[in-house]
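Subject: Structure for you to look at

Hello,

Please find the structure below. My notes on what was found in it follow.

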Amino acid sequence: MEQNRNQIYIETPLVFSKYFSDAISSPVYLKLENTQPSGSFKLRGISALCKQKLNEGCKKLVGSSGGNAGLAMAYTAYKLNVPCQLFIPTYVSDIMLKKIRSFGAEITIVGHDFEMANAEALKFVEQNPDVGFIHPYDHPAIWDGNSTIVEEIKTQLNGMKPSCIVTNVGGGGLLLGILKGLQKSMWVDVPILAIETEGADCFNKSIKAKKIVEIEVTSIAKSLGARSVAPTLMEMYPEFNLTSKVLSDKVAVKGCIRFAEEHLFLVEPACGATLAAVYDNLIPSTLKENKSQHSNNGGPTVLIVCGGSDCSPVQLRKFAEQFELPC
C-alpha cells in the first residue's frame, strides 16, 4: 500500500510468528500496531478525526485521554503544528505524562476517571466554539481511520482471507474499525475473537445483557478501561462472526511477559490480553464453537498487536510480582 506523504500514521508490518504458529499448530501473523510513531493503533483514527476538525475550521484540538488516544492526539497536533489541550484523570502515569508533554500538549489534570475528565473537556469546548473536540474512540472518523488496519492486512496477505482475527476491546474504537474494514474488504464472514479482561469487560457484559451495560473498571488493563462501549458497536456486531471472551489480568500480564521474551516487544496488559488468546489456546476452541467456514481455509490467524505506550521494564516487573509470575 502506497504511503501518503500527508498521512500521520504509517503502514505497519504484518509478520509471521513462529512461536505463536507452533503454539496453535497453524500459521499466525502479527499486525504490529505497536510500531506506529505514537506506539499504538490509536494514531490511525485519532489523526483522521483531528484532520476532519481542522478542515471544519477549528483552531485548537481538545481531548480527554491521558492514555494512548491522548498521546496519538498530541503527536498528531505536533505534526500538524496546531495547539492541543488534554483534560486527563489523576491516575495517568508519569510515563504517559512525560510522553504527551514531549509533543507540546497542554495538560489539565482533573477527575479520578475518564468520564470526569471528559465532562470537563466538553465544558471547555462549549465555552470555546473555535476548538475541535476529539473523543478517544466514539466517532465515525475514528472507526474509518482504524479500518485501514484491515485494508493493509488484505494487501499484505495478497487477498487471502484470515482464518481468524484476534483483537481486544475497550470502548470499541478498534473493534468498530476492524468491522468496518471487513465490510470494505468483503470479508464480513471472517471470524473475530474479541478479548477483554475481567473488570474491563463492558462489551462482554453488554452482549450477555443484550443492552449497553455500564461497569466500574477494576482491571489493570487501563487501556481497556471504558465504562461502556460505543452504542454503534452493539448495533453492528451481530452482523459478524464474532466471539467475545474475557481473561484475567494475570493471564494478560503473562501474555506481555512471554511476548517480551519471544518477540522482544514491550506492550501493555490490554495488548497482552490479545496475545494470551494464543497462549491460552482460545483460537482453536473459538473456531470450533462457531463452526467457522474459514477455520480450515488455509488462511492464517492474525493478531492485532495494538501496542500501548504506558509500559516499561520496571512496570512489567511490578505486574509480574503482583501476580507472582516469573519475569
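The buried residues of helix H9 are covered by, among others, helix H8 (173-184), strand E8 (192-197), helix H10 (231-236) and strand E9 (242-247). H9 itself spans residues 202-209, and its buried residues are Cys 202, Phe 203, Asn 204 and Ser 206. Buried means under 20% relative accessible area, exposed means over 50%, and partly exposed lies in between (1.4 Å probe, protein chains only). Just after H9, Lys 210 has a positive phi of about 60°.

This is a predicted model, in which local features need pLDDT of at least 70 and side-chain atom pairs count only at pLDDT 80 or more, while totals for chains, interfaces and linings use all residues. Residues are numbered from 1 along each chain as its sequence is written, and side-chain values use heavy atoms, with hydrogens and water left out.

Helix H12 (residues 269-279) is mostly covered, with eleven of its eleven residues buried. Among them are Pro 269, Gly 272, Thr 274 and Tyr 279. Asn 281, which follows H12, also has a positive phi, near 60°.

Next, the cores. A nonpolar core is a set of buried Ala, Val, Leu, Ile, Met, Phe, Trp, Tyr and Cys residues joined through side-chain atoms within 4.5 Å. The largest one has 96 residues, and Phe 20, Leu 175, Leu 182, Phe 203, Leu 233 and Leu 303 touch the most other members. Leaving aside neighbours within four places in sequence, Phe 20 is in contact with residues including Leu 30, Phe 259, Leu 275, Val 278 and Leu 303; contact means heavy atoms within 4.5 Å. A second, separate core has six residues, including Val 62, Phe 87, Ala 121 and Val 131. In soluble globular proteins, nonpolar side chains tend to be buried together.

Finally, the protein as a whole. Of its 327 residues, 58% are buried. Among contacts with a separation of 6 or more, 73% are between residues 24 or more positions apart. A compact globule of 327 residues would have a radius of gyration near 20 Å, and the 19 Å of the protein agrees with this. That radius is taken over C-alpha atoms, and the globule rule is 2.2 Å times the number of residues to the power 0.38. The C-alpha atoms fill a box of roughly 55 × 45 × 40 Å, taken along the principal axes.

Regards

Notes
Helix = DSSP H or I, 4+ residues; strand = E, 2+ residues; numbered from the N terminus.
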